[in-house]
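Hello,

Please find the structure below, as promised. My notes on what was found in it follow.

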Amino acid sequence: MMESFNHLGDELQDFLDGRLAEPNRARVEEHLLTCDQCRREIGALQWVKHEALGRLPAEEVPDALASRVRATLDGEDTEARGEGRVRRYSQRPVRWAASAALVVAAALAFFFVSRPTSASLPKLVARDFVAYASGRVPLEVTSRDPRVIEAFFARRGIGFATRVFDLGMMRYDLIGGRVHRLGDRVSALWVYRGADGRLLLCQMYEGTVAELPPAHETRKNNGITFRVHREGTTTVVFWQEGDVVCVLASDAAPEAVIQLAYAKARKT
């Protein structure tokens, strides 16, 4: 019974970090399929892991600050023992607790100070394309089978139906995917490689194209409106599919990227 879970708590971080063995991992995956709250929580943890920590400078924690955090946690543990309570984190190394506290504080500060606006979405997608092409955004699953990638997204708590297609007829081979963070929202991200070596990055996220800034060009095909943005050498094409926005990005010829968007959208 899922009610016995009473939500996952610390297990979400263990699941995200790959520390859960079977059958606990399967139990968590099953719970995430039905629990909106835990999916939101793991989405926030993914943002901290993949976005905030990737942008924060890799610096050692100052000894004085670590000591203050350690002293505070030790004091709370002493109080808990005196009241007959057990704190779950008291069983973990103090160094881990101090580091975790600092990470959360830094991530929250980054989020509230630097939270991107919807107007920056084309730039963020173009940045993601460049980051993947340069090896700074790793894939979490690799497969040429679209069903494997879609199943991965479902297991990882993506709350909408993803549509990953075989674009072999367009001479693009599927490489793999990851659960990503596009600004302040969770996205499903996957990548193809063309016969000429060009990359094609796809993302889906919950939202509306009405949030986007004015496009450099607007196209209509098969009753669908496509918004074309150009960010440096990267062409970014958005379109709406129900409650989800789809976007393709590539440094291939702009017309080629637009035609690929047409091909993917026609499979709806």
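Leaving aside neighbours within four places in sequence, W190 is in contact (heavy atoms within 4.5 Å) with I149, F153, R163, V164, L174, G176, G177, L200, L201, C202, M204 and K264. This is a predicted model, in which local features need pLDDT of at least 70 and side-chain atom pairs count only at pLDDT 80 or more, while totals for chains, interfaces and linings use all residues. Residues are numbered from 1 along each chain as its sequence is written, and side-chain values use heavy atoms, with hydrogens and water left out.

W190 also belongs to the largest nonpolar core, which has 33 residues. Such a core is a set of buried Ala, Val, Leu, Ile, Met, Phe, Trp, Tyr and Cys residues joined through side-chain atoms within 4.5 Å; buried means under 20% relative accessible area (1.4 Å probe, protein chains only). F153, W190, Y192, L200, F226, V237 and W239 touch the most other members. Elements that each supply at least two residues include helix 7 (146-155), strand 3 (185-194) and strand 7 (234-241). Helix 8 gives the largest share, six residues. Another core, of 21 residues, lies apart from this one and includes L124, A131, L189 and V247.

For the chain overall, there are eight helices and eight strands, taken as DSSP runs (helices H or I, at least four residues; strands E, at least two) numbered from the N terminus. Of the 268 residues, 43% are buried. Among contacts with a separation of 6 or more, 58% are between residues 24 or more positions apart.

Regards

Key: Buried < 20%, exposed > 50% of the residue type's maximum accessible area, 1.4 Å probe, protein only.
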